[in-house]
Every structure is written in C-alpha cells, then in structure tokens.
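Subject: Structure handover and notes

Hello,

Here is the structure for your files.

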Amino acid sequence: MSVVVVTGGTGAIGSAIAAEFAKTDDVVITYNTRWEEAERICSELHCGSVQMDVADRASVDNACAEILKSYGHVDVLVNNAGISQIKLFTDVTQEDWQQMLNVNLTGCFNVTQSLVKSMISRKSGAIVNISSVWGVHGASCEVAYSAAKAGLIGMTKALAKELGSSGITVNCIAPGVIDSPMNSAHLSDDELAELADSTPLMRLGRAEEVAKAVRAIAENRFITGQVLGVDGGFY
C-alpha cells in the first residue's frame with residue numbers, strides 16, 4: 001500500500017485523484033481554506049488531510065513534516081493545487097501575476113522540495129504535476145495562468161533528469177477543459193460548448209478521467225519527463 005499526497009485535494013480534479021488512489025492506497029489531501037470540504041471528502045474516502053498554503057514555505061514545511069511523522073514516507077506526490085484567472089493582459093496587475101506564479105509554480109517547487117529528500121533517501125517515488133492544456137498551447141486572456149502552467153512543464157522535464165538516478169519518476173498531466181465548478185464559474189455555457197466542440201471528441205473532460213491518467217503514469221516506473229495531454233485531442 002502506497003502513501004499518496006494530493007495537494008489541492010478539495011477541488012474537482014484533486015478530489016477525483018484522491019478518490020482514485022484511495023481505492024487501494026493511503027491518501028492525504030491538502031487544503032488551504034476549505035476545511036469543511038476536506039472533512040467531507042476525508043469522511044467519504046477514509047483518507048487523511050492537512051492544512052497547507054502551498055505558496056507559504058513555512059506552511060508547506062510544517063504540513064510535510066506532519067505527513068512524514070504520521071506516515072513515515074511518501075510514495076506518490078501529486079502537485080495539483082492551483083488557481084486560475086481570466087483577465088486581459090493589459091489589466092493583469094503585478095499582484096495578479098505574482099499570485100498566479102506563487103500558487104501554481106512556486107507552490108509546486110515548495111511541496112516537492114519539502115518531500116523529495118525522503119524519496120531520494122528511499123531511492124523510490126513518483127511525482128505528478130498537474131499543468132494544463134493552456135500551459136502547452138497558451139490561452140488568450142489567461143497569460144499569467146498559461147505562463148505558470150508552462151513553467152510546470154519545464155520544471156517536470158528538468159527534474160525528471162535530475163531525479164532519475166534516484167529511482168524517482170517525474171511526469172506532468174495537462175488536462176483540457178474539464179467539467180468542473182471552477183470552469184463553470186469562469187466560463188459561460190456557450191463558451192464551454194464552444195471549447196467542447198473544438199475537440200475531436202466534442203465534449204468536456206471529466207475529473208475522473210484525469211485521475212485515472214494520473215494513477216497510470218504514477219504507477220509506470222519506465223515513464224518519466226513526459227507531458228500527457230488529457231484533453232480530448234484538443235488542437
């Protein structure tokens with residue numbers, strides 16, 4: 001039985017990833033402010049939870065120390081925590097830009113660096129970073145988000161080379177437009193329909209489909225440094 005940590009575990013994709021691994025493994029989800037949702041998910045999945053602000057290194061180090069103290073080690077880390085914003089580039093403030101990088105990119109750096117030493121010492125582990133189709137192709141009015149998610153792809157490829165000799169795989173999942181509360185909050189029904197029609201499968205993705213891809217790539221010990229698009233063939 002593996003120990004799996006999923007950051008941002010209260011969102012649609014994060015909770016689906018937690019549910020997928022909880023079928024067979026010990027799962028710990030992290031949350032920042034949504035503790036009631038974390039409690040509900042943990043009650044359903046019989047998993048653990050810990051409060052963590054991924055953009056705050058002290059918060060990350062304290063939470064990771066708690067996880068390692070409780071479970072002894074971590075086999076799989078899924079860096080899923082993230083935020084999004086739709087705004088014209090000319091309207092993006094310095095604060096907007098910095099927050100997007102702090103959560104979506106530096107957050108991944110913080111959590112990975114805090115846990116990876118325990119993986120290195122065991123010569124085993126899998127890290128899966130959740131990027132986005134927009135990190136691959138870029139999106140109008142989502143420049144900051146696209147830049148941060150593209151940074152995750154670069155980090156994945158470089159870290160895979162550095163950690164390979166320690167038996168640790170590092171991969172990236174780039175979801176397309178997923179049927180989720182976050183996307184519904186930012187996009188109208190017409191916009192979602194247009195995006196669905198832009199894929200060969202002509203539909204939105206499901207969080208469960210992303211979760212299955214995360215598990216598959218984490219469990220395959222001869223895949224590393226890769227970016228897997230779970231995007232319905234988006235082009």
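First, the cavity rule: on a 1 Å grid over the protein atoms alone, a cavity is a set of points where a 1.4 Å probe fits but cannot get out, and lining residues have an atom within 4 Å of a point. Grid points are joined across faces, edges and corners, and a volume is the space filled by probe spheres set on the points.

Two housekeeping sentences. The model is predicted, so to speak of local features requires pLDDT of at least 70 and side-chain atom pairs count only at pLDDT 80 or more, while totals for chains, interfaces and linings use all residues. Residues are numbered from 1 along each chain as its sequence is written, and side-chain values use heavy atoms, with hydrogens and water left out.

Cavities

The rule gives two cavities of 30 Å³ or more. Helices (H or I, at least four residues) and strands (E, at least two) are DSSP runs, numbered from the N terminus.

The largest cavity holds about 60 Å³ of space. It is lined by 13 residues. Nearest its centre lie T7, N79, A81, G107 and C108. Two helices, α4 (94-122) and α6 (143-163), each supply at least two lining residues. The largest share, five residues, comes from α4. The lining divides into seven nonpolar, five polar and one charged.

Helix α2

Which residues of α2 (residues 35-45) are buried? They are A38, I41, C42 and L45. Buried means under 20% relative accessible area, exposed over 50%, and partly exposed in between (1.4 Å probe, protein chains only). Down the axis of α2, the buried residues fall within an arc of 100 degrees, so they line one face of the helix. The arc is that of the directions from the helix axis to the C-beta atoms. An α-helix has 3.6 residues a turn, so residues three or four places apart point the same way.

The face turned away from the buried side carries exposed E36, S43 and E44. The buried residues of α2 pack against α1 (12-22), β2 (26-31) and β3 (48-51). Contact here means heavy atoms within 4.5 Å. After α2 comes H46, with a positive phi near 60 degrees.

Helix α9

Helix α9 (residues 207-219) has 13 residues. From first C-alpha to last it reaches 19 Å, close to the 18 Å expected at 1.5 Å a residue. That expected span is 1.5 Å times one less than the number of residues. Its buried residues are A207, V210, A211, A213, V214, R215, I217 and A218. Their cover includes α1, β4 (76-79), β5 (125-130), β6 (168-175) and β7 (227-230).

Take A218, which sits in α9. It counts as buried at 5% relative accessibility. Leaving aside neighbours within four places in sequence, A218 is in contact with F21, V76, A126 and V128. The C-alpha atoms of A218 and V78 are 8.9 Å apart, although 140 residues separate the two along the chain.

Loops

Most residues other than glycine have a negative phi. K123 is not a glycine, yet its phi is positive, about 55 degrees. K123 is in the loop between α4 and β5. At 54% relative accessibility, K123 is exposed. M202, also not a glycine, has a positive phi of about 55 degrees. M202 lies in the loop between α8 (189-197) and α9. It is exposed, with a relative accessible area of 53%.

Where is I223? I223 is in the loop between α9 and β7. It is partly exposed, with a relative accessible area of 28%. Not counting residues up to four places away in sequence, I223 touches T169, N171 and I217. I223 and T169 are 54 residues apart in sequence and 6.9 Å apart in space, C-alpha to C-alpha.

Best wishes

Technical notes
1 Å grid on protein atoms, 1.4 Å probe; cavity = no way out; pocket = protein on both sides within 12 Å on 5 of 7 lines; lining within 4 Å. Nonpolar A, V, L, I, M, F, W, Y, C, P; charged D, E, K, R; others polar.
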